[in-house]
Amino acid sequence: MDSSAIIATEGLAKDYVLGPHVVHALRGVSVAIDPGEFVAVMGPSGSGKSTFMNLLGCLDTPTAGRYWLDGRDVAGFGRDELARMRNAKIGFVFQMFNLLPRTSALENVELPLLYSGLPARERRRRARERLAAVGLADREHHHPSQLSGGQQQRVAIARALVNDPAVILADEPTGNLDTRTSVEILALLQRLNRDGLTIVLVTHEPDIATYASRRLVFRDGRLRSDEHVTPLDAAEALKSLPEEEEAVA
Amino acid sequence: MVLQALRIALRSLKVNKLRTALTMLGIMIGVAAVIAMVSVGTGAQARVAEQIQSLGSNLIIALSGSTNQAGVRLGQGSQTTITEDDASAIAREVPAVQVAAPSSRGNAQVVYGNLNWSTAIQGVTADYFEARDWPVDVGRPILQEDVDGATKIALLGQTTAQNLFGDADPIGQIIRIKKVPFTVAGLLSRKGQSAWGQDQDDVIFVPLSTAKKKVLGVSQANARSVGSISIKIRPDENMTDAETQIRELLRQRHRLQPAQDDDFWLRNLSEVLQTQEESSKVMTYLLAAIASVSLLVGGIGIMNIMLVSVTERTREIGLRMAVGARSRDILTQFLVEAVTLSLIGGVIGIALGVGGSNAINALAEWRTVLAPEAILLAFGFSAAIGIFFGFYPARKASRLDPIEALRYE
């Protein structure tokens with residue numbers, strides 16, 4: 001076992017019981033991810049990549065195998081302990097952004113801190129800081145409906161960062177965005193990664209995966225390939241893309 | 001944490017104002033109805049209690065009873081069997097008795113100037129007004145000297161005074177009762193209606209001795225006989241025990257054999273009114289029960305809305321769980337939301353109920369009494385409804401699977 005890994009799994013498996021059938025969604029996956037890696041998880045639907053991500057995100061418990069997150073074995077954790085792990089160690093970015101409607105960007109970013117018991121002043125300070133880090137300092141009081149898709153996703157990334165997590169789990173973060181905005185979001189993620197943040201990104205688009213430095217491919221519940229690659233620089237790619245007005249949703 | 005939950009709850013209630021208002025309406029109407037109805041019931045109770053007070057709540061009246069002469073039983077008062085001596089014996093020998101005042105009553109035409117009026121003439125002793133808790137408003141009461149000397153003075157009830165004198169001052173005026181001139185010495189305070197709706201103020205009091213000699217006449221059989229004795233029992237004494245002792249004493253004095261019927265009647269007036277009070281209490285409970293049904297319906301409304309809200313906000317719940325909310329946090333949030341909803345509704349309902357009760361009082365001239373305990377109860381009840389009907393939806397929310405919830409469309 002690589003003790004420096006921030007994420008390490010050993011024979012991780014998950015079965016679902018659907019009526020009389022048992023579905024083996026994940027059939028024993030062993031992988032180690034070091035701090036500062038930018039990993040793309042790929043595979044067709046039904047390959048087990050979503051199940052794998054749910055387990056990494058402490059949203060689900062494995063049927064068998066072990067999972068160390070930041071040195072702690074969480075495979076046997078209960079609901080409340082998992083919630084605490086999610087709160088302290090993981091930042092989620094979703095395809096649908098999942099921002100609270102009719103709630104300001106700042107308050108959306110603050111949300112995870114509500115559950116970690118920080119005083120209000122400290123919550124506000126940190127949320128401001130993260131929002132500025134994603135370039136939305138001037139949008140603090142905007143509601144999600146007043147922001148474009150790209151801006152909404154950046155608010156979501158700020159929310160994922162606000163707890164200083166060990167790892168960011170991004171599930172198809174560009175699935176709802178146009179090409180240019182997608183690359184912008186990837187440029188932001190790459191910048192955060194260069195600053196030392198560990199990122200695991202799920203995508204089914206090979207184009208998007210080219211911006212990650214490591215590629216895990218799943219098929220039929222197993223890890224098919226695991227290769228380190230030289231990533232494209234999103235900031236460079238952006239220069240070759242035609243300038244567009246950001247559509248306001 | 002609760003403060004946090006309160007803020008989250010208030011925000012989510014603010015986001016959907018119309019739905020919040022409609023849900024609150026149920027609780028508002030329920031609480032208002034409970035308060036208004038209970039205040040109507042309590043008002044009725046207070047009226048009865050006042051009647052008891054005006055009658056003297058610890059009053060027993062001894063009346064001449066029926067007699068059995070050779071198998072023919074005559075009706076109540078057919079023979080004047082009780083006497084002034086019975087009254088003094090009761091006062092002397094029954095320790096529970098504070099005062100026992102004999103009196104006789106009849107009707108007569110009363111004339112003042114060119115006005116005349118038929119009213120009850122009651123011959124009483126000085127003790128009578130103490131027995132009835134009936135103070136003199138203007139002038140002086142009937143004293144022992146008046147009874148001893150058979151003076152021709154009269155005390156007027158308010159109704160009689162109004163009919164004979166209008167607004168003029170009756171004190172010192174001469175009225176004629178059965179052509180006998182009497183000087184008006186005093187005016188009694190207003191007593192109001194008796195328990196059976198009789199106007200107690202339509203009366204003239206004269207000394208018992210004078211009444212017998214000049215107005216009502218003396219019984220042929222017994223010069224000492226009187227129509228009734230008003231017996232006031234000391235405040236802390238048991239009415240039933242006192243009544244038994246008085247009955248024993250009177251039977252003994254009238255030399256009745258164990259097999260013989262009483263030749264007198266004892267009427268414990270407070271019993272009649274206590275029955276009335278009891279029934280108005282039942283009415284209060286009934287009204288409260290009916291109003292509670294609307295409170296219950298309001299509570300079900302809250303549950304309904306909370307269930308819809310949980311379904312509608314499934315993704316929000318999923319997200320909160322993903323960023324670290326425990327089941328407990330979600331439970332608290334939705335519970336606080338339901339309780340906030342019902343408490344705000346409850347407070348508005350209390351305002352409406354108090355206003356409604358005052359309106360009934362003013363417009364319908366139906367006496368209402370606002371009971372603080374009813375208000376507290378309604379408030380506590382609405383909080384309890386929030387918890388009770390909010391718990392199921394809140395628990396449902398807290399048990400959602402975060403993965404399913406995040407994916408919910």
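Predicted model: local features only at pLDDT ≥ 70, side-chain atom pairs only at ≥ 80, totals over all residues.
1. In chain B, strand E4 (residues 97-112) and strand E5 (residues 115-124) run antiparallel and are joined by 10 bridges. Within this pairing, B:Ser104 has B:Gly123 of E5(B) as its bridge partner. E4(B) and E5(B) form a hairpin with two residues between them, and in its turn B:Gly113 has a positive phi of about 55 degrees.

2. E5(B) is also joined by five bridges to strand E10 (residues 203-207) of chain B, and these two strands run parallel. Here the bridge partner of B:Val124 is B:Pro207, which belongs to E10(B).

3. Turning to the contact between the chains, 16 residues come from chain B and 19 residues from chain A. On the side of chain B that touches chain A, the elements giving two or more residues are helix H1 (2-15), helix H10 (314-322), helix H11 (327-363) and helix H13 (402-407) of chain B. H10(B) provides the largest share of that side, namely five residues. Sorted by class, the side of chain B that touches chain A has nine nonpolar, three polar and four charged residues.

4. In chain A, where does A:Leu118 lie? A:Leu118 is found in the loop between helix H3 (105-114) and helix H4 (120-133) of chain A. A:Leu118 has 17 other C-beta atoms within 10 Å, and is therefore partly exposed. Leaving aside residues up to four places away in sequence, A:Leu118 touches A:Leu113 and A:Arg123.

Definitions and conventions: Residues numbered from 1 in each chain as written. Chains lettered and ligands numbered in written order. Pairing = 2+ DSSP bridges. Helix = DSSP H or I, 4+ residues; strand = E, 2+ residues; numbered from the N terminus. Contact = placed C-beta atoms within 7 Å. Nonpolar A, V, L, I, M, F, W, Y, C, P; charged D, E, K, R; others polar. Buried ≥ 20, exposed ≤ 12 C-beta atoms within 10 Å, placed from the backbone.
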